[in-house]
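Please look at the structure below with its sequence at hand.

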Amino acid sequence: IGDATLPLTDITDEAYRSIMGANVDGVFFGARAVLASMAERRRGDIIVTASIAGLSGFGGDVAYTTTKHAVVGLVKALGATLEQQGLDICISALCPGFVDTPLIAGTVKELVTALGLPVIEGDRVAEAAMQILDVRANGSQWIVWGDTIRQHTEPELIEYPAS
């Protein structure tokens with residue numbers, strides 16, 4: 001969490017680059033690294049981790065929310081692209097709320113709990129990943145919140161005609 005929760009005017013260039021590198025570049029380059037071999041087989045599944053913050057936004061975590069929206073955008077755009085290419089490669093985003101990890105340990109976990117928000121066990125997120133693999137909805141986002149695992153629905157991606 002650290003510098004990512006600072007007001008936008010206080011986030012250093014280094015802190016911004018660090019969180020973008022971990023949360024966006026890692027997903028982008030990871031997907032790119034596996035796509036070639038999946039394309040050869042014409043089939044595959046990619047599940048990336050975004051966050052509930054990538055579907056809405058939380059005040060006070062501008063940098064983090066920005067990165068998670070970028071990951072959701074990548075999943076939507078790449079999913080549509082893979083379908084257009086006729087490949088049976090499915091990319092989806094897991095969008096959990098607060099997962100019981102060291103990232104929310106201590107005071108953050110206490111605050112989340114005090115606000116009455118659910119803290120999700122890691123096993124629940126793994127269950128969601130297995131459900132995603134069963135459903136195979138390309139470009140989809142999956143909310144994991146408390147006991148709920150559901151596909152997030154919203155308007156379709158706008159496709160522009162080829163020029």
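Which residues of helix 4 are buried?

## The buried face of helix 4

In this predicted model, the buried residues of helix 4 are Val-125, Ala-128, Ala-129 and Ile-132, where buried means under 20% relative accessible area. Seen down the helix axis, these buried residues fall within an arc of 105 degrees, so they line one face of helix 4. On the other side of the helix, Asp-123, Met-130 and Asp-134 are exposed. The cover over the buried residues of helix 4 includes several strands, among them strand 1 (43-49), strand 2 (88-96) and strand 5 (140-145).

## The length and end of helix 4

Just after helix 4 comes Arg-136, which takes a positive phi of about 55 degrees.

Four strands form an open sheet with mixed pairing, and their order is 1-2-5-6. Strand 1 and strand 6 stand at the edges with a single partner strand each, so one side of each is left without a neighbour in the sheet. From one strand to the next, the twist averages 25 degrees.

Strand 5 and strand 6 pair over five bridges in the antiparallel sense, and Ile-143 stands opposite Arg-150 in strand 6. Helix 1 (residues 13-41) packs on the sheet, where it touches strand 1 and strand 2, and the direction of helix 1 makes about 170 degrees with that of strand 1.

Notes: Residues are numbered from 1 along each chain as its sequence is written. This is a predicted model: local features need pLDDT of at least 70, side-chain atom pairs count only at pLDDT 80 or more; totals for chains, interfaces and linings use all residues. Side-chain values use heavy atoms; hydrogens and water are left out. Buried means under 20% relative accessible area, exposed over 50%, partly exposed in between (1.4 Å probe, protein chains only). Helices (H or I, at least four residues) and strands (E, at least two) are DSSP runs, numbered from the N terminus. The arc is that of the directions from the helix axis to the C-beta atoms. Contact means heavy atoms within 4.5 Å. Two strands pair if DSSP finds at least two bridges between them. Axes are lines fitted to C-alpha atoms, for helices over the stretch in contact, and angles run from 0 to 180 degrees between N-to-C directions.
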